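I opened this notebook to record what I looked up in the structure, one topic at a time. The entries follow the order in which I went through the helices, the sheet, the backbone and the cores.

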Amino acid sequence: MRVGFIGNQNNYPFVLARALQRRGHDVRVVIDQQHPLDRPECRYADVPFPYPDWIREVAPVEMGDVVFQTSRWRTALDHVRDCDALVLNKFGYDAATRLPVPAFCLTTGGDVEFWANPDAAEAFACAIDGQPHAREWIRRAMQLERVDWPSLAGVIDAAPTPVRRMALKQLFRMFVRRQRAGLRRAIAISGLPDGVSPAMAAVLGACRAANAPRLHLMMADIGWIAPQPPPVNPVLRVFNAARILWKGPFPPLVGDWESKGTDVMLTGVALWHRRTGRAIDLRLVEKGASVAATKDLVRALGIEPLVSWQPELTQAGVFDEYVRADIVTEQCGTHVLGMAGVEAMAAGRPVIANGRPELYTSLSGPYPVAQAATAEEVAAQLDRLSDPAVRARVGADGRRFVEQHLSPDAAARQVESLLLSAVAARCIRAAPVSAGGAASG
């Protein structure tokens with residue numbers, strides 16, 4: 001089976017693509033973004049750049065490329081046009097309506113909750129207004145509506161903010177329709193567990209994708225992430241792998257349930273430090289909407305000497321932090337354990353987090369994290385994990401769990417089964433009926 005991939009948020013779809021390759025399938029991948037986190041050569045040393053023939057760079061694909069079907073978007077489609085099936089992510093869902101083959105949608109959160117949500121139009125227009133490509137998108141939209149742009153160019157440039165933003169909101173809604181149309185065509189959708197994201201549930205219901213089979217694929221590339229021996233640190237070293245998000249009001253369309261609980265983790269660290277008098281090397285990354293508020297909180301808790309801030313890291317930088325850390329913290333709030341926490345477990349590191357056991361018992365089983373949803377629980381887990389033997393045991397349990405339940409090969413088997421069934425059904429529908437076929441039987 002030849003499988004085409006469009007969309008590679010955080011290299012997550014690429015993990016699945018490699019797993020399908022290992023299972024003998026012919027895989028084609030479109031790299032449509034320029035951010036290092038979305039590019040395989042920034043993660044895998046064995047993926048050269050320029051890319052081999054099965055990987056095609058068509059970047060950057062933006063919302064306007066999909067809305068206006070630009071040559072860039074058509075080039076992306078051409079790379080997977082002869083595929084038997086598709087795996088789509090982020091801006092790629094439109095391909096499900098352009099190419100007549102089965103499509104599996106591997107959603108990663110915001111590509112549904114924001115980019116397929118018409119309620120995000122206002123937030124989008126406020127963010128994009130004034131950027132250079134916004135004027136070009138308005139011009140292209142007028143062409144679609146057969147409006148004479150030259151005669152209106154000066155008018156639009158001098159138009160009050162509400163007028164420009166009204167046009168941008170309309171463009172966004174056009175894109176949302178493309179996203180929803182693709183989701184509607186999906187043979188199956190991978191997303192967050194049921195009951196986690198009201199926004200995702202509402203969008204999938206509204207675009208009539210709620211009846212498509214739902215999976216919750218969570219993977220850590222255990223073939224690439226080797227378990228690491230415990231470090232020898234003179235001071236307990238803790239790396240926070242979750243983005244910094246806890247202080248309201250949250251950005252537009254980010255729900256209160258998406259809190260990563262950074263405040264819970266920091267308050268727990270402060271409680272543990274006051275109780276024990278022990279030092280800690282807590283490493284935080286300047287990524288997330290609550291960075292400024294978190295720096296204020298660190299000062300208020302009196303733990304500034306314990307905290308070191310890092311600029312936003314590459315994936316290679318994140319893995320270097322895993323190797324050097326004694327403990328990794330992930331979300332201690334009301335979100336769910338993400339790719340960062342799962343990959344930290346794959347590296348053999350104990351993870352302090354709210355693993356939301358109530359959500360996962362019926363799926364792969366509760367994650368073997370050091371469970372902490374309150375500051376007191378964070379402090380108690382730091383007490384427990386201060387013992388190197390306990391850290392080694394918890395880290396080994398996490399690695400074993402990932403190998404058994406969250407491997408890319410296990411995910412690939414699920415997706416392969418869905419795609420092969422859909423491809424076979426499509427072939428049956430397309431097969432001509434013989435002259436005697438109707439009378440036989």
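Helix α18. I listed the buried residues of α18 and found P408, A410, A411, A412, V415, E416, L419, A422 and V423; buried means under 20% relative accessible area, exposed over 50% and partly exposed in between, with a 1.4 Å probe and protein chains only. The elements that cover these residues include β1 (2-6), α1 (12-22), β4 (85-88) and β5 (103-106), where contact means heavy atoms within 4.5 Å. Helices (H or I, at least four residues) and strands (E, at least two) are DSSP runs numbered from the N terminus.

Source notes. I am reading a predicted model, in which local features need pLDDT of at least 70 and side-chain atom pairs count only at pLDDT 80 or more, while totals for chains, interfaces and linings use all residues. Residues are numbered from 1 along each chain as its sequence is written, and side-chain values use heavy atoms, with hydrogens and water left out.

Helix lengths. I checked α18 (residues 408-430) against 1.5 Å a residue: its 23 residues should span 33 Å, and the end C-alpha atoms are 32 Å apart, which agrees. The expected span is 1.5 Å times one less than the number of residues. I did the same for α11 (residues 262-276), whose 15 residues should span 21 Å and whose end C-alpha atoms are 21 Å apart, which agrees.

Helix α11. Here I noted T262, V264, M265, L266, G268, V269, A270 and W272 as buried, and they pack against β8 (237-240), β9 (281-285), α12 (291-301), β11 (327-329) and α16 (375-385). Just after this helix, G277 takes a positive phi of about 75°.

The sheet. I traced seven strands in an open sheet, in the order β3-β2-β1-β4-β5-β6-β7, with parallel pairing; two strands pair if DSSP finds at least two bridges between them. Because β3 (55-57) and β7 (214-215) stand at the edges with a single partner strand each, one side of each is left without a neighbour in the sheet.

Backbone exceptions. Most residues other than glycine have a negative phi, and most peptide bonds are trans, so I searched for departures from both. The bond from F49 to P50 is cis, with omega near 5°, and P50 lies in the loop between β2 (26-31) and β3. The bond from G248 to P249 is also cis, with omega near -5°, and P249 sits in the loop between β8 and α11. K90, not a glycine, has a positive phi of about 55° in the loop between β4 and α4 (95-98), and at 18% relative accessibility K90 counts as buried. R356, again not a glycine, has a positive phi of about 50° in the loop between β12 (351-353) and α15 (357-360), and at 14% relative accessibility R356 counts as buried.

Nonpolar cores. Which residues have the most contacts inside the largest nonpolar core? I found L16 and Y367, in a core of 108 residues; such a core is a set of buried Ala, Val, Leu, Ile, Met, Phe, Trp, Tyr and Cys residues joined through side-chain atoms within 4.5 Å. Apart from this core lies another, of 30 residues, among them W272, I280, L297 and V298. Leaving aside neighbours within four places in sequence, Y367 is in contact with H216, M218, L337, V342, M345, G355, Y360, F401 and L406.
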